[in-house]
Amino acid sequence: MAARVLVVDDSPTMRALLKHALSAHSDIEVVGEASHTQEAREKIKLFDPDVVTLDVEMPGMNGLAFLDKIMRLRPTPVIMVSNHTAPGASATIEALEIGAFECIAKPSGVHGNTFEALPELIREAAASRPQIAASRDASAVMRSAPAATHDRHANWPDLIGIGSSTGGVEALISLLADFPADCPPTLIVQHLPASFTTSFAARLDRVCRAHVAEAQHGAAILPGHVYLAPGGRHLSIKTAGGLRCHLTEDGLVQGHRPSVDVLFSSIAQSFEGQATGIILTGMGRDGAEGLLQMRKQGARTMAQDEATSLVYGMPRVAWEIGAAQVRLPLGKIAKETFA
């Protein structure tokens, strides 16, 4: 069955470009278009599209405000297509936090980028639709709940590794909001381009009690600190001279750089303390084999459950191959980690 798309943009030229980019694909159908948010609201009700493409600058209601309404009132996969959603832009991070499936920039002119990546994004977004509502509901519950307080406990891990991909921006914000300020050193691989990770780390640092920053090559790995792998560089650990971040630009692993497998494998091979591995929402299987290695070395391992995953790919593979000891809703992972 074809993925059904509603195109929302105030520019007739841009709507035509988007429709043209999708018209050559028999498994994608543009069922309607809208030039403003009121029309878009009516056509979402009329057509019940699998995916919506949405601009930020719209007459009447701002596109980000409309995105928030969609995700709260009628959860649907949304791909933001805007001059304001280039990699690393503040609007991009805000859209991903609200729940956008992905953000891409408009071409610089009619002869510029013609959305080569858009058809595959449409397919991925349509496939994620059954999980969107459950994921949004779970995240909303957690955002409205007071942050938990924790006392240091002997059962806390000495090191935490986290891997995530599609849907991970919002999942990480929710998860880390429940981490204590003196949490064990935590390393994260989230699949993002290099131009996203600096602003995303800064955003995490503003909303989390622990200190969050992009990992720097050779930096000491310390309690109360969270290290986000920079886009385009693998993050692993080295123990010579103390526990330190190690960054490389080696080839892709599982199609990614940074790769969750690289991080988890290094923890399994090099870390002698008690570690915990957590794999969150994401497409594909990156991280599953590394998590399995961690489990075999005695680490506690967890996977986000299907109901709260935007895309139940990476956690599913981790569970199926026996890498994850438990599957948990997103809102219970921190509690289990610090039990």
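**Salt bridges, sheet and backbone**

Author: By the distance rule applied here, the chain has 13 salt bridges. The general idea is that side chains of opposite charge can pair when their charged atoms come close.

Reader: Which side chain does Asp9 meet in a salt bridge?

Author: Asp9 meets Lys106, with an N to O distance of 2.9 Å. Because Asp9 lies in the loop between E1 and H1, while Lys106 lies in the loop between E5 and helix H5 (118-144), the pair ties together parts that are 97 residues apart in sequence.

Reader: How far apart in helix H2 are Glu39 and Lys43?

Author: The general point is that an α-helix has 3.6 residues a turn, so residues three or four places apart point the same way. In helix H2, Glu39 and Lys43 are four residues apart, and therefore about one helical turn separates them. Their salt bridge has its closest N and O atoms 3.1 Å apart, and Lys43 counts as partly exposed, at 22% relative accessibility.

Author: A second case within a helix is found in H5, where Glu120 and Arg123 are three residues apart and again separated by about one helical turn. The side chains of this pair, Glu120 and Arg123, form a salt bridge with an N to O distance of 3.2 Å. Glu120 is partly exposed, with a relative accessible area of 40%, and Arg123 is partly exposed too, at 27%.

Reader: Turning to the sheet, in what order do its five strands lie?

Author: In general, the strands of a sheet pair through backbone hydrogen bonds, either parallel or antiparallel. Here the open sheet has the order E2-E1-E3-E4-E5, and its pairing is parallel. Strand E2 (28-34) and strand E5 (102-105) are the edge strands, since each pairs on one side only, and the twist from one strand to the next averages 20°.

Reader: How many bridges join strand E1 to E2?

Author: Six bridges join strand E1 (residues 3-8) to E2, and the two strands run parallel; within this pairing, Val7 has Glu33 of E2 as its bridge partner. Helix H1 (residues 12-23) packs on the sheet, where it touches E1, E2, strand E3 (51-54) and strand E4 (78-82), and its direction makes about 170° with that of E2. Helix H2 (residues 37-47) lies across E1, E2 and E3, and runs at about 140° to E2.

Reader: What is the phi of Asp48, and where does Asp48 lie?

Author: As a rule, most residues other than glycine have a negative phi, and most peptide bonds are trans. Asp48 has a phi near 45°, a positive value in a residue other than glycine, and lies in the loop between H2 and E3, where it is partly exposed with a relative accessible area of 33%.

Author: Gln254 likewise has a positive phi, near 55°, and is placed in the loop between E11 and H8; its relative accessible area is 39%, which makes it partly exposed. Pro258 is also placed between strand E11 (244-248) and helix H8 (260-270), and a cis peptide bond, with omega about 15°, joins Arg257 to Pro258.

Reader: Is helix H4 mostly covered or mostly open?

Author: Helix H4 (residues 90-98) is mostly covered, with seven of its nine residues buried, among them Ala91, Ile93 and Leu96. Just after H4, Gly99 takes a positive phi of about 135°. Over the whole chain of 339 residues, 53% are buried.

Reader: Where does pLDDT stay under 50, and what is the mean for the chain?

Author: Where pLDDT is low, the predicted coordinates should not be read in detail. The mean pLDDT of the chain is 88, and 90% of the residues reach 70 or more. Over residues 138-151, however, pLDDT stays under 50, and the model has 19 contacts beyond four places in sequence for that stretch.

Methods: Residues numbered from 1 in each chain as written. Predicted model: local features only at pLDDT ≥ 70, side-chain atom pairs only at ≥ 80, totals over all residues. Heavy atoms only, no water. pLDDT = per-residue confidence, 0-100. Contact = heavy atoms within 4.5 Å. Buried < 20%, exposed > 50% of the residue type's maximum accessible area, 1.4 Å probe, protein only. Pairing = 2+ DSSP bridges. Axes fitted to C-alpha atoms, helices over the stretch in contact; angles between N-to-C directions. Salt bridge = Lys/Arg side-chain N within 4 Å of Asp/Glu carboxyl O.
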